[in-house]
Amino acid sequence: MDQALNKIIEEFFFEEKILICPSRGVATQIMAGFQEAKGGWLHIRASTVQCLAEAMVEEQIYRRKLRQISAREVFYLIDTIFTALSDKGSFQYFQKHTLNSGMIRALSQAILELKYACIPPLGLNTGQFIHPRKANDLTLLYRQYNDMLEEKALVDGPDIIGMAMEDPGFGQDSIYIVFSRHDYTPLEQRFLRKLGKEKLLIIGDAPVYGAVQPQGRLEANYFAKEASASQFSWLLDIDHVPEHCSRPADIEIFAGQSHYHEIYEILSRIAQDNITADQTEIIYTARDPYLQTIYNVCAKLDIPAVFFEGIPGDLCPPGIALKGFLLWILQDFLEVHLRKLLKHQLILVPDKGVTGSMLAYALRTSKIGWGRERYRRIPEKRIAELQEKMHTTPKQDNHGFHKIKIYKSLQALCTSLLALVPDIEDGCIAFGKLCKGCMAFLDNFIKPGSEEGGHYVSALKEKLTTLAIISNESMPLPEAVHKIIALLTDTPYGPSGPKPGCLFVSSMGSGGVSNRNNTFVVGMDGRNFPGTEMQNPVLLDGEKSEISGRLHLSGHRLKQKLYDFVLLLTGLKGKVIFSYAAYDIKDDRRMYPSTLLLQALRLKKADSSLTYQDLYAHVGQPSGFGDGMQQDIFLDENGWWLDKLTGQDSLKEGTQSVCNLYPWLSKGQKAADSRTSSTLTVYDGLVHPRGDELDPRKNADFILSCSSIESYAYCPFAFFLEYVLRVRRPEETERDYARWLAPKDRGSLLHEVFHSYAEKVKKTGRPDRKKQVQLIYNMLDQAVARYAEEVPVAGEAVFAHEIEDLRRDLQVFLDIDNKYLHTPYLLEYEFGYRGKQPVKVGIGYGQYIHIAGKVDRVDVSGQGYQVWDYKGGSAFAYHADAYIDRGRQVQHILYAKVVEQVIKKEDPGAKVTACGYILPTERGRASGKGCVFRRDPCADHQWQQALHCLFDLMASGVFIRSEEANPPYLDDEDIYGTEQEKVFIKVKVEHSEKLENWKRLKEFK
């Protein structure tokens, strides 16, 4: 290649020379390599067929106000036309399906291939296809496509070339240089021949023995192939390597345990052999998964790398941000998507004094959840609540002012974002308006942050502009969103040629011309290379043969792939390292080396008789972390640690070395060891309180609620987390398509309705049953309206079903209220909260505790007062013969004692004669046990000993995990330990003498 260019430069020294390649970047690499080898050039520039054609018709395009579309935009245009024709019933052969992208892609490729082969719609006839209807449908679609281009003032690639060839001033007095190795379509070949005429110089490439040059290549007319032959020319014909080329090729082959290990091993070898990054090129055979894997590994290890074809747009910050914005729209504005954009600072925020993290927290705790309207209403409501609180607070609260500022900033941000989103009607959205909204999002909320980011945003906006012109029809929201996501993913971020100090990464189609001394070819497994070539499902090989010999068949493409691969290798210099991944983690399947790897080994060893067994023996154990291979250089600390812990010279006691360096890890290790020991320790829940701080009988400041006491009886460790350490899981508004209200919210709503109804009965007495139902249903509707403002509705059907369930529960409540309950006296009586004093309750033996709580209902009858608590769950845990249930049911008796003290202040002779639990729901009634569980408030012997037993445990620092309970965070291993650790704890609890009281507590019924 260099020799040919040098000869051309000497022969046409003062004439303008244009080097034409499939991409300008490839041509630039060739010229850079030539400059390095030969010292420079004069009057030569790089271009492509498309760029030359565009330059020739640039004025005409501007004058006629045309817009050029890419192959991806052709796909969208074909999709639009196909949908319109299908909706009209114009097709007889093709049918539109819900998942249609595969067929649209095949149709787009077929039409572009026909245009590049200079075959117009009139060139198709029924005799060329397997069915006449197929010919008619494809012809109709092809014709409509051309008509749509003209109607919307659009031009595709073939149109640009055709316009250039029709220009009267077509052609320039220049030398045009092309390579016979590159594949050009019939239209492009016609363009080149007409453009260059006798000044078209076609440089031949190195020969490829054992293969035939693919059809459609330009025949060399300037440089003899034999002059540039290399060892790799005989890769497919090992037996005929001439003696002067018999030396072993500088080839290495290895395998990685996975794609990640394959790339990690390449970088390790570069470091191990002290190779500079700017003398190394990595060529991948498959974009997926190698492009993203290489990018991720290099980013993690902070290794500078440039990618010739760029990286997928959804990996760069602007692409991630736009994708998040689209997913937010797609999932009914689910706040978690917007929260992530704010948390990771991917979008600009309106106020300087407010950060993205602040807005993300406000969004999370606002309970917006999802739904477009809630982004207007909820922030407005929270601001009003905060302002009201500020108004009623006597002293100035700077924290309150700051929270108001955050919510106002969130409100402004949400308003601006929602203004970009077109209306969604019946699940459909105007595609063109959505494209324009995405462009405005990129303008107003994205700061590119770098030159590459700026180029990416500009390219994306240009493509979105074209899409808006192509299709402004309404379409299903998922289809519209996924089209734009595919566009931003396919738009490359940061494409670049080789740069000094940077690793260079390229594909099979563009690699091998960087003139670097070390080349790694990755992905040499049989699935990725040579792989298989499937025929176009719309335009079959048999049909192509009937239409024209200028169309490429699938079998020809596979041969072309092998031929081009060998040509790529012939142009390489220095060392070539082939590799493949032995296992695909994503697909959970073993991978096998390509046949080309076996050929490479045969070439290296100069032995055509080698087999796959020889190849496996040569490759050896696939490289990976902890494979026992001795290394001197490691890319990161993980590799070093794994090597030392698993290698041949592994550390005898790595744990102690780590613990000595990191004291916090030492404490963690001590906790893990203690949990698996045979002794009950502080790490199992046996703490050592300071004095009487955890004894509510002696520490008046240790105020408990009935729920907290019951929580201890269920699981002391859960009590310790929530009531001692004050650890609570952050609340999430999660979307559940099977229900509207979570159990906690549902119970609160029913409690509100029960309270409202009882208040009405207290004032006016009980009406007849018909009016009772009407009254309580109206109260339910009011409560539902309030809750619907706070808790977003997942779906109308679920919402309606849940309302019916609530109504049935209210019918159960009315049955109980009429049959068992009396006149309400106290409702929702609260003590110990919101500035109210806790109540001191005697628990026998001359001792007291201070408790806080809220009594649901106190009734009065001729026999005295009755204290009741509503429960929204099932009756599983309630029994007629149970009283305190191992300390898990204390609410009835403690509330009875509290109420009796309160009432006696006004009525000294007052007495609570009954207490207990009411389960006024269908779920409560379903057990058949009944819905009312009455307890005797005078049975002191049945509860006082149990409470003292429980408080003795609490005071002594027993906060173990109960195996019988299902406490909060049960699935969190970092809280409760692994399953094995739980087993150890259970055994220790069962055999510990210190826990006799815990065993005794279980005996109290």
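Me: Which residues of helix α12 are buried?
Reply: In this predicted model, helix α12 spans residues 335-343, and its buried residues are Glu335, His337, Leu338, Arg339, Leu341 and Leu342.

Me: And what do those buried residues of α12 pack against?
Reply: They pack against four helices: α11 (317-330), α13 (356-365), α14 (374-392) and α15 (398-418).

Me: Which residue just after α12 takes a positive phi?
Reply: That residue is Gln345, with a phi of about 55°.

Me: What is the radius of gyration of the protein chain, and what would a compact globule have?
Reply: The protein chain has a radius of gyration of 39 Å, whereas a compact globule of 1005 residues would have one near 30 Å. Along the principal axes, the C-alpha atoms fill a box of roughly 120 × 75 × 60 Å.

Me: What share of the residues counts as buried?
Reply: Of the 1005 residues, 50% count as buried.

Me: Where is Ser514?
Reply: Ser514 is in the loop between strands β12 (503-507) and β13 (518-522).

Me: Is Ser514 buried or exposed, and why?
Reply: Ser514 counts as buried because its relative accessibility is 12%, and the cut-off for buried is under 20%.

Me: What is Ser514 in contact with, beyond its neighbours in sequence?
Reply: Leaving aside neighbours within four places in sequence, Ser514 is in contact with Gln29, Glu281, Pro498 and Phe504.

Me: Now the nonpolar cores. Which residues have the most contacts inside the largest one?
Reply: They are Tyr145 and Phe441, in a core of 118 residues. Beyond its neighbours within four places in sequence, Phe441 is in contact with Ala321, Leu322, Phe325, Ile347, Leu417, Leu420 and Ile446.

Me: Which residues does the second core include?
Reply: The second core is separate and has 56 residues, among them Tyr723, Cys949, Leu950 and Val958.

Me: Last one: what share of the contacts joins residues at least 24 apart in sequence?
Reply: Among contacts between residues at least 6 apart in sequence, that share is 75%.

Definitions and conventions
Residues are numbered from 1 along each chain as its sequence is written. This is a predicted model: local features need pLDDT of at least 70, side-chain atom pairs count only at pLDDT 80 or more; totals for chains, interfaces and linings use all residues. Side-chain values use heavy atoms; hydrogens and water are left out. Buried means under 20% relative accessible area, exposed over 50%, partly exposed in between (1.4 Å probe, protein chains only). Helices (H or I, at least four residues) and strands (E, at least two) are DSSP runs, numbered from the N terminus. Contact means heavy atoms within 4.5 Å. The radius of gyration is taken over C-alpha atoms; the globule rule is 2.2 Å times the number of residues to the power 0.38. A nonpolar core is a set of buried Ala, Val, Leu, Ile, Met, Phe, Trp, Tyr and Cys residues joined through side-chain atoms within 4.5 Å.
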